[in-house]
Structures are given as C-alpha cells and as structure tokens.
Amino acid sequence: MKPLILAALLAALPVVVHAEAEDDDDTALGAAGLMSKGNKSELPPILLSAGTPLADAPWKLKSGHYYEVEIEADGSQELGLVAPEFFRAIWIDEIVIEGLEVRPLGLDSVEFDEAGTMEIGFIAVKPGSYVMRVPGTKGDTQKLDIVIE
C-alpha cells in the first residue's frame, strides 16, 4: 500500500522542465512579448500641411512588430487621413493626443481641424498592401503606400 501512495504523491508533484533557448539572437522577445522594447520601432513622422507630400518613402512593416508614428498637422488647412483597410490590418495599442491616451477598438480615419500632434502605437498584424491618403485626393504625393510583410 505504501508504494502506491508514494507513487500517487510523486505523480501529483509539479514537473519543472528547463527549456534552453533554441537561438539567442536579437529577435527574441522579452517578458512583455510583442510589447517588448526590442520589438518597437519609430516610423518617420507624417506632416499634414497644405500642398506638402505625406511621406518621403513607402512604409515596409513586419507583421508582429510594434510601431509608433507621430502625425502632425500645421493648421494650414483642415486635413485628415483615411485608411480603413490598413487600420483593420493592425492592432492599435493607443492613440496619444496632447497627453490624452485613447485605446480604440478600431479606426477608419483621423482628422485635424487645427494644428496639433497625435501619436499612434500599433502592432502590424495582417500582411498585405495598403494605402493611407488625404480624403478626396488622387495625387501620389497625398498618399502613403504601406506594405506589411
């Protein structure tokens, strides 16, 4: 009877398994997972100004990577950005507007009625090609091509 009780007690003990890292490269995430500092990148800022191109170059993003972008409007005109497909291909962590943090479930567009700055923090999720543009415009300088790989 004693061996049976001992076997039952041993079976109930937690098993500790020490797994060694398969690779020790810089792509390993920390305790915060996708939100780890090593998984974050700053994107070039977007300037909303009458007659000014949105960006110097397209964005190439990596799925699973955290990005922050600052969008600044100079107040020269009421301007916005529309990108419903792109905003549905990312997970938005937060939008910061003059120190106020907003954590939306989704986004279709943003608009600036006057000068101001907002910062959007997000994780790229769904691979594909997307466009962010000033609403109602068709010119190449008023759009930003985005690729999530």
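Two strands are said to pair if DSSP finds at least two bridges between them. Helices (H or I, at least four residues) and strands (E, at least two) are themselves DSSP runs, numbered from the N terminus.

The model is predicted: local features need pLDDT of at least 70, side-chain atom pairs count only at pLDDT 80 or more, and totals for chains, interfaces and linings use all residues. Residues are numbered from 1 along each chain as its sequence is written, and side-chain values use heavy atoms, with hydrogens and water left out.

**Overall make-up**

The protein has 2 helices and 11 strands. Read from the N terminus, the order of elements is α-β-β-β-β-β-α-β-β-β-β-β-β. Of its 149 residues, 31% count as buried. Buried means under 20% relative accessible area, exposed means over 50%, and partly exposed is in between (1.4 Å probe, protein chains only).

**Strand pairing and a hairpin**

Strand E6 (90-97) takes part in two pairings listed here, and E5 (residues 79-82) in another.

| Strand pair | Sense | Bridges |
|---|---|---|
| E6 and E9 | antiparallel | 7 bridges |
| E6 and E7 | antiparallel | 3 bridges |
| E5 and E8 | antiparallel | 4 bridges |

Ile95 has a bridge partner in E9, namely Ile120. In E7, the bridge partner of Ile95 is Val102.

The hairpin of E6 and E7 has 2 residues between the strands. Glu98 lies in this loop, between E6 (90-97) and E7 (100-102). Glu98 has a positive phi of about 45°, although it is not a glycine. Is Glu98 buried or exposed? Glu98 counts as exposed because its relative accessibility is 69%.

Strand E8 (residues 109-112) has a covered face made of Val110 and Phe112, and an uncovered one made of Ser109 and Glu111.

**The cavity**

Rolling a probe the size of a water molecule over the atoms shows where empty space is left. A cavity is a set of points, on a 1 Å grid over the protein atoms alone, where a 1.4 Å probe fits but cannot get out; lining residues have an atom within 4 Å of a point. Grid points are joined across faces, edges and corners, and a volume is the space filled by probe spheres set on the points.

By this rule there is 1 cavity of 30 Å³ or more. The largest cavity holds about 30 Å³ of space. Which residues line the largest cavity? They are Trp59, Val69, Ile71, Phe86, Phe87, Ile120, Phe122 and Met132. Strand E4 (66-73), helix H2 (84-88) and strand E9 (116-124) are the elements that give two or more residues to this lining. The lining residues divide into 8 nonpolar, no polar and no charged. Here Ala, Val, Leu, Ile, Met, Phe, Trp, Tyr, Cys and Pro count as nonpolar, Asp, Glu, Lys and Arg as charged, and the others, Gly among them, as polar.

**Aromatic rings**

A pair of aromatic rings is described by the distance of the centres and the angle of the planes. Rings of Phe, Tyr and Trp (its six-membered ring) pair if their centres lie within 6.5 Å; planes under 30 degrees apart count as stacked, over 60 as edge-to-face and the rest as tilted.

The count comes to 5 aromatic pairs. One of them joins Trp59 and Phe86, with ring centres 6.5 Å apart and planes at 65°, so this pair is edge-to-face. Trp59 is in strand E3 (residues 59-61) and Phe86 is in helix H2, so the pair ties together parts that are 27 residues apart in sequence. Trp59 is buried, because its relative accessible area is 4%. Phe86 is also buried, with a relative accessible area of 1%. Trp59, Tyr67, Phe86, Phe87, Phe122 and Tyr130 form one aromatic cluster.

**Two loop residues**

Ala115 lies in the loop between E8 and E9 and is partly exposed, with a relative accessible area of 44%. Ala115 and Asp74 are 41 residues apart in sequence, and their C-alpha atoms are 4.6 Å apart in space.

Pro53 lies in the loop between strand E2 (46-48) and E3. Pro53 is partly exposed, at 42% relative accessible area. From Pro53 to Leu144 there are 91 residues in sequence and 9.0 Å in space, C-alpha to C-alpha.

Definitions and conventions
On a 1 Å grid over the protein atoms alone, a cavity is a set of points where a 1.4 Å probe fits but cannot get out, and a pocket is an open set with protein on both sides within 12 Å along at least five of seven lines; lining residues have an atom within 4 Å of a point.
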